[in-house]
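Subject: Structure for you to look at

Hello,

I am passing on the structure we spoke about. Please open it alongside this message.

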Amino acid sequence: MSSSHTPETHAVASLKRVISLLENENAQLHHKITKKPALSLTREGRAVCRVVTLVEPVADLIAEYDRREIQATEQQASSNSEVIPPTPEQQRTYRAYEKLIQWCPSVHKLVGPAADADTASFEVAFACRELQKGADGARGDDGATLKVAVAQWLNESQPPPDPPFSSREKYGRGFNHDITGKLLCPVDYDWSNADIRSAIREFQPDFRVMAHSWPSFLYADGDYDPTRPAKGLFKGKYLVMAFRCIFTSPSSV
C-alpha cells in the first residue's frame, strides 16, 4: 500500500478538514461580531464612570457576576458546601454590576439570566472592551471640560485671583496659589494662618496632606464641624458646579 494512503495520512487529512471548518466558523462569528453596533456599545459605556463606578473596569464587574453564578451552582451541586459570604469589596463590585445592567442593557443581554447560552466569551470580551472605551472617553471629555470651566470659575471669583488661572497650564496652581490652596487645604488645618500655609507648602511632617485628608472644597463654604463631619459634606460651591456641568450641561452652571 502506498504511504500516501496510510491511516495516519487519513487522520491528518481529517484533522485538516476539521481545522478548516473551525477556522471558517470562527471567521463567520468574528464577522458577525464586528458587524454589531460597536458604536452603540461605546455610547452606552459613556454612562459607566458617571452612574455605575468611578474606578472599576467593566470586565471586573462581569467577573464578579460570574463568580457568584459559579458559586451558586457549586452550592446547589453539593449540599455540604460551605457558604462563603462576599467581602465588602465584592459587595461593592456587585452593586456596581447591578447598576451596569440597568444603564447598559447590552450587558444584560450578554451575561444576564436572559443571555443566549451560545454567547461566546470573546463576544462578551468585545462588549467589555467597547463599553470601557466609552467610559474612558467620557472621563476624558469630562476632564477636558472641567479643565477649562474650573479655571474660568476661579477667575470670576471676587476678589479676582492674582495671577489669574490659565486653562492650558498647571504651573502656579495647587498649594502654590492662595485660592486653590485654600480649596485644597485639609479641613483639619486653618489656611488663613500664614504659618500653617507655609508649613503645608514646605511639606513639614506636622502638616502633611495625605490621601485620606478631606479638602475644604468638599464642604459648603468650606465650613467643617468636627462634631458633625457630615454637615455640608459634598455641598461645596465648586463641587456642585462641577456636578451640574457634567450631569446637566456647562450652560446650567
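Predicted model: local features only at pLDDT ≥ 70, side-chain atom pairs only at ≥ 80, totals over all residues.

Helix H7 covers residues 121-155 and helix H10 covers residues 237-247. The two pack with their axes 11 Å apart, at an angle of about 140 degrees. That angle makes H7 oblique to H10, since an angle has to be over 145 degrees to count as roughly antiparallel. The crossing of the two helices is right-handed.

On the H7 side, the residues in contact are Asp142, Thr145, Leu146, Trp153 and Leu154. They meet Tyr238, Met241, Ala242, Cys245 and Ile246 of H10. Sorted by class, this contact between H7 and H10 consists of eight nonpolar residues, one polar residue and one charged residue.

**The loop between H7 and H8**

Helix H8 spans 178-184, and His177 sits in the loop between H7 and H8. Is His177 buried or exposed? His177 has a relative accessible area of 6% and is therefore buried, the cut-off for buried being under 20%. Its neighbours, leaving aside residues up to four places away in sequence, are Pro161, Asp162, Pro163, Phe165, Gly172, Trp191 and Arg201.

Pro163 is itself in the loop between H7 and H8. The peptide bond leading from Asp162 to Pro163 is cis, and its omega is near 5 degrees. Pro159, in the loop between H7 and H8, is joined to Gln158 by a cis peptide bond with omega of about -5 degrees.

**The loop between H9 and H10**

Helix H9 runs over 194-201, and Phe203 lies in the loop between H9 and H10. Asp221 is found in the loop between H9 and H10 as well.

Phe203 has a relative accessibility of 71% and so counts as exposed. For Asp221 the relative accessible area is 73%, which means that Asp221 is exposed. The cut-off for exposed is over 50%.

Regards

Technical notes: Residues numbered from 1 in each chain as written. Heavy atoms only, no water. Axes fitted to C-alpha atoms, helices over the stretch in contact; angles between N-to-C directions. Helix = DSSP H or I, 4+ residues; strand = E, 2+ residues; numbered from the N terminus. Parallel < 35°, antiparallel > 145°, perpendicular 65-115°, else oblique. Left-handed = near helix turned anticlockwise from the far one by under 90°. Contact = heavy atoms within 4.5 Å. Nonpolar A, V, L, I, M, F, W, Y, C, P; charged D, E, K, R; others polar. Buried < 20%, exposed > 50% of the residue type's maximum accessible area, 1.4 Å probe, protein only.
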